[in-house]
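Subject: Structure for your review

Dear colleague,

I would be grateful if you would read the notes after it with the coordinates open.

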Amino acid sequence: MIIIKGGKVIDPKSGFEGYADLAVRDGKILQVKKQGEEWKEEVTAAENSGQEPVQVIDAEGLTAAPGLVDVHVHFRDPGFTYKEDIATGARAAAKGGFTTVVCMANTNPKVDTPETLRYVLEEGKKTGIHILSCAAVSKGFDGKTLTDMEALKEAGAAGFTDDGIPLRDGAFLRKAMEEAARLGLPISLHEEDPSFIRENGINHGAVSEKLGIYGSPSLAEDAMVARDCMIALDTGAAVDIQHISSGNAVAMVRLAKSLGANVWAEVTPHHFSLTEEAVLEHGSLAKMNPPLRTERDRRLLIEGLKDGTIDMIATDHAPHSREEKAAPLTKAPSGIIGLETSLALGITNLVKAGHLTMTELMQKMSYNPARLYGLDCGYLEEGAPADLVIFDEDEVWTAGDYASKADNSPFTGQSLTGRVKFTICGGNVVYQDKSS
């Protein structure tokens, strides 16, 4: 049994935010004891009998919330394990407060067969956190031939995506959405039309002009989001617009929702925290697809978080080796790691900045992602899974010393507010901060 005493508790499902104690046993929450309530007899008996091991966590000054859920990570396994593997990715997730992650399918081989999917899921079972995986929409990411989506669902696919590659054929995508809707699983879309892009990873604008390149205009994202929102409306599929970066794209998702489309949107911490100017300071460490855009876009992303147009915060955790990121800007791969800085960036740039409450942040980082994938997690109540993160909302720390194999982040060395102290998954402590 674990007893968590003296902390603030947040349940984003009910909206409760207040002081309470928690008791955890057999992988479930046994009790949420609010002020003025008494412990259940079995909790008191366990504390007093000495016959059952009881770990007491002093959470005074800390906040306990549901374990974070990230619907967009790259653990590079199979095929690119020099960048990351499932074990190291899981350790990075646990250090960041995540108890559930959804891996993308752009491995080598692609996760387009039940055999490859089962490999990822079996490796995930060894980690201590919940590792889920999407399967590919198209065979080999060819954008033309549907995978056997039903067989992949039976093998355990959480959803479908060709993330990293846009699905350019609208008729093919419509067919894929119809099948995903029939199977009751979400389909997640990487929205960048290559026909508008000359150099990916850098926004077409003032910074790209300074660098003497054309870059990637927001039109590349906007055009595909507009099309795919309408296909989603037509098919009724649950569609996740991945790593949204454009203010215009936010407006289109808002419109699609108002029309009744089952469209969801995710934003990364780097897109709500940085602008294209970061490329001048950090070079390839600020290169990602879609790129960091303008301050106007950043502000509109935050507005989308505030009004509910953007449902989720997802890291798009994308590890690369130092050698790869050291290549010239137009040659270096896009993407940054994000699991270990995500919560702190949300607290620093959204909560402390007055844009979201802590409960709203937890809705974006745990409850809503769980809802999209139909997962039984992301909330704290009696009988709920004992997946929790305990963190200090006010501790200032310096980003770095990562559990990930990679360190490709523009936030390294930056002072952030909000630090994970414990991560508990299935009733087991899978991470404890030893720094203080």
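Predicted model: local features only at pLDDT ≥ 70, side-chain atom pairs only at ≥ 80, totals over all residues.

Annotated region. The UniProt record, in an unreviewed entry, lists residues 65–430 as "domain: Amidohydrolase-related".

Helix pair. Helix α8 spans residues 247–259 and helix α11 spans residues 295–307. Their axes lie 8 Å apart and form an angle of about 25°. Because angles under 35 degrees count as roughly parallel, α8 is roughly parallel to α11. On the α8 side, the residues in contact are Gly 247, Asn 248, Val 250 and Arg 254. They meet Arg 296, Asp 297, Leu 300, Leu 301, Glu 303, Gly 304 and Asp 307 of α11. By class, this contact comprises five charged, three polar and three nonpolar residues.

Cavities. How many cavities of 30 Å³ or more does the model contain? The count is four. The largest cavity has a volume of about 80 Å³, and 13 residues line it. Of these, Phe 75, Arg 76, Asp 77, Met 104 and Thr 107 lie nearest the centre of the cavity. The lining of the largest cavity is made up of seven nonpolar, four polar and two charged residues.

With kind regards

Methods:
Residues numbered from 1 in each chain as written. Heavy atoms only, no water. Axes fitted to C-alpha atoms, helices over the stretch in contact; angles between N-to-C directions. Helix = DSSP H or I, 4+ residues; strand = E, 2+ residues; numbered from the N terminus. Parallel < 35°, antiparallel > 145°, perpendicular 65-115°, else oblique. Contact = heavy atoms within 4.5 Å. Nonpolar A, V, L, I, M, F, W, Y, C, P; charged D, E, K, R; others polar. 1 Å grid on protein atoms, 1.4 Å probe; cavity = no way out; pocket = protein on both sides within 12 Å on 5 of 7 lines; lining within 4 Å. Points joined across faces, edges and corners; volume = space filled by probe spheres on them. UniProt positions renumbered as here; feature names shortened; annotations may be inferred.
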